[in-house]
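Subject: Structure handover

Hello,

Here is the structure we talked about handing over. Please keep it open while you read the notes that follow.

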Amino acid sequence: MRGFVRRSRTILAAVLIAAAALPAASGSAEAAPQRVVSMNLCIDQLAMMLAAPGQLVSVSSLAQNRRLSPMAEQAVAHVPNTGRAEEIYLLRPDLVIAGTYTPQATIAMLHRLGLRVEILPPAEDFDAIRAQITRLGALLERQAAARDLLARFDADLAAARAPSGRGRAALYYANGFTSGPGTLAGSILGAAGYDNIAADHGISATTHLPMELLVMARPDRLITGATWPGQSQGEAILDHPALAGIAPTERQVTDRDWVCGTPFVTRAIRSLR
Amino acid sequence: MVLRLSGLSVTRRRRPVLHGVNLALGSGEFVGLIGPNGAGKSSLMEAALGLIPFTGTSSLAAMPADRRARHATYLPQSREIAWPVSVEDLVALGRIPWPGGGRSGEDRAAIDAAIARMGLEAFRKRTALRLSGGEQNRALIARALAQDTPMLIADEPIAGLDPAQQLACLRLFRDLAAEGRTVLASIHDLGLAARFCTRLVLLSGGHVLADGPADAVLGDDLLRRAFGITVRRVETPDGPAILPV
Amino acid sequence: MRKWSVTLSVLVGALFLASLLTGPAGLPAMDSLRALAFGGDGPIPIVMREIRLPRAILGLAIGAGLGLTGAALQGYLRNPLAEPGLIGISGMAALGAVIAIQTGLSLAAMSALPLAAMAGATAGVALLVALAGPRGGSVTLILAGVAISALAGAGTALVLNLSPNPYAANEIVFWLMGSLADKSMLHVWLALPPMALGAGLILSVRRALDALTLGEAAAQTLGISGTGLRWRLIAGTALVVGPATAVAGAIGFVGLVIPHILRPLVGARPSALLPASALGGAALLLAADVAVRLIVPDRDLKLGVLTAIVGAPLFLHLIWKTRSGGRV
């Protein structure tokens, strides 16, 4: 069964290679990469927004996951990859873009195979998103598209931002984790006008916050992590009666717009209104 | 009758070890069960107590468990003491079948009497496992006495004891019989068995070869058939001494 | 004996109070207790009643259950190395719980969680009794325990890895090491009734376990039914260890350490050791649960880590004594 899936993927890849040859030939800049593979969910999205038709060969399989990716529909048009060096190589890319958390062994193998690999860090705030768009535009030789996207993002962001002082909010995920102001989720919270209670405890990044500290902080608004199919002890904490006790009315769940530093964060900000 | 076995047969690992044994024991008897290794002595006692499956009938095994525990006590050959309990606590285990839970006045009296009879007063609070083998054996017998049953069944009670302990043990059993209790014990020392038991049962190959007073059971012919040996009998003032030759 | 039960009860009471008063929020003791007793507005009653109280109750009950079942299994197998965590009973309970969670059974009915854990524990203890029953020696017991633990651990990891939930795979640590963090009163109501029933069953065979001191045959002639004792012990152990593991994961060594420490103090008689071990187990687990909150307050250090640090050297010591033929 699995062998069949792989074979059919290989066939699909071959068809796409043949199809990709046409638009690539009519590309404008000589130096522009013609066969780009993205290995990271967040890069996937920005790359799909910026790439010329046919330029982006493959995106990570996560990009098709509706729980994680706001661009799941668009991602179907690309070959999904699961991040293994072998399948990346067989796609014959001239540029591979990976994230900071892509396994080192895979990156090293891709280098050994002679591929050009660019590693982009995750964008944890709005400036980083802007920088990421510009950087990716340069890598793809799509500077004009990047400028357009940036302009739209800035306008959306300005429109979505709310004045501060709307109250205190807490982010709470499985296993009792919270995100401080130094994270993307924290930035979204701040842009929506909320003070993050994680800051009261000196938390800047994403880390464990004991539930009783959360209860003692009495947030006005509680935003919890999305729960997944199947069950886990880690997520069971979100059903703890003490949480219902502190934030009975205002409870919101982080969705796919919160996952990545992309222009979709403006939707996440608006969702907090 | 204190114990009646009829047609008692036992099969162990598909091998028959006891063939239709009939035996009746009355009060005041000290019955020595003799016979070579593998004759079925242990199987007979275990089946009589209902510890192993058997066919035929045993008046003891037929009793409900709680009544049986107040009718017969058992000293297994293993002399196991699993935990470092005090002598007093060990002896008190004999009171489990009785309603007092080990704490009633009757229980206390039975425990004290058993400890006194076995001369264990000095060891009362000592940990049984730290005593010598002979002392441990006395503590285990005291445990059986505390059970206060009309019948005592003992599997090789004098095996591994020094001569003084052997004599003390057999004297006790003889005294118990004289008090009207019934004792059934397997014994390998034919001379001691002849001296102390009121009756001997010779077992061989799962059959009762002879049953009666020592003189009748320890005949040359029977012993040759059972053990494949001849013995020399020396009469002494204390009874016959029997030497295998 | 009586003296020790009073001392242990006082210790358990003090540690229960310490458990209630320990937490990252650093609440004033008097305010906390007032909020616990009388409620009121604000977050303190929620912290005390919904977070700390269930944690303290579960620490007490699960510790007591593990101490009790450890002492009972040792008495039945006549082996001081027996312990529900080490010989795979907790592991099998965890496997049952994980299966109930990942198949969605526990979502359909909350009671499926402790029931499945009990089924797992029953399988574990029955397998163990069959393999290393009272006639089996220490080597058989430990080997059977290693095999059952390995099987249960592998099964648990497999089920968790097959889960569609990204958090499930990381839960293996919880199931292997155990934790009381962030358990609610719901867990208390789920676990306590079957555990109380199991404890009652186990305490009902106290005298029978005493009789087993003399060996199986002598115990039977004292009126003890071998099969009756076996089934009560298996059912009692499963009723205690199953729900305990379902809510707190597998916590090892409590049932090993406590009877070993208490045997010289209260006497080796199982009937005296059983209730004392329940108190001792409660004290140990409450102390461990206070300690994990004090050592690394901002992280969820697993309870089994602490109990293993205390218990594993003792386990080695016991194996050494068994090896050299000494009695424990």
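Two residues are in contact here if their C-beta atoms, placed from the backbone, lie within 7 Å. Helices (H or I, at least four residues) and strands (E, at least two) are DSSP runs, numbered from the N terminus. This is a predicted model, in which local features need pLDDT of at least 70 and side-chain atom pairs count only at pLDDT 80 or more, while totals for chains, interfaces and linings use all residues. Residues are numbered from 1 along each chain as its sequence is written, and chains are lettered from A and ligands numbered from 1 in the order in which they are written.

Chain C

Chain C has 15 helices and zero strands. Its radius of gyration (taken over C-alpha atoms) is 19 Å, close to the 20 Å that the globule rule gives for 328 residues, so chain C is as compact as a globular protein of that length. The rule is 2.2 Å times the number of residues to the power 0.38. Along the principal axes, the C-alpha atoms of chain C fill a box of roughly 65 × 50 × 35 Å. Of its 328 residues, 61% count as buried; a residue is buried if 20 or more other C-beta atoms lie within 10 Å of its own, exposed if 12 or fewer, and partly exposed in between, with C-beta atoms placed from the backbone. Among contacts in chain C between residues at least 6 apart in sequence, 79% join residues at least 24 apart.

One helix pair in chain C is worth a look. The axes of H9(C) (residues 185-203) and H12(C) (residues 226-248) come within 8 Å and cross at roughly 160°. That makes H9(C) roughly antiparallel to H12(C). Axes are lines fitted to C-alpha atoms, for helices over the stretch in contact, and angles run from 0 to 180 degrees between N-to-C directions. Angles under 35 degrees count as roughly parallel, over 145 as roughly antiparallel, 65 to 115 as roughly perpendicular and the rest as oblique. The crossing of H9(C) and H12(C) is left-handed, meaning that the near helix is turned anticlockwise from the far one by less than a right angle; clockwise would be right-handed. Residues of H9(C) in the contact include C:Leu190, C:Ala191, C:Pro194 and C:Leu201, and those of H12(C) include C:Leu233, C:Leu239, C:Val240 and C:Pro243. By class, this contact has 16 nonpolar, three polar and one charged residues. Ala, Val, Leu, Ile, Met, Phe, Trp, Tyr, Cys and Pro count as nonpolar, Asp, Glu, Lys and Arg as charged, and the others, Gly among them, as polar.

Chain A

In chain A, H6(A) (residues 126-139) and H7(A) (residues 143-160) pack at an angle of about 165°, with their axes 8 Å apart. The two are therefore roughly antiparallel, and their crossing is right-handed. Among the residues that meet are A:Phe126, A:Ile133 and A:Leu136 of H6(A), and A:Leu149, A:Phe153 and A:Leu157 of H7(A). The contact has 10 nonpolar, three polar and one charged residues.

The loop between H6 and H7 of chain A holds A:Glu141. Its phi is near 60°, a positive value in a residue other than glycine. Most residues other than glycine have a negative phi. A:Glu141 counts as buried because it has 22 C-beta neighbours inside 10 Å.

Chain B

Chain B has nine helices and 11 strands. Its radius of gyration is 18 Å, which agrees with the value near 18 Å for a compact globule of 245 residues. The C-alpha trace of chain B spans about 55 × 40 × 30 Å along its principal axes, and buried residues make up 47% of the chain. B:Glu156 also has a positive phi, near 45°. B:Glu156 sits in the loop between strand E6 (151-154) and helix H6 (163-178) of chain B and is partly exposed, with 19 other C-beta atoms within 10 Å.

Between the chains

Chains A and B do not touch, and their nearest C-alpha atoms are 41 Å apart.

Regards
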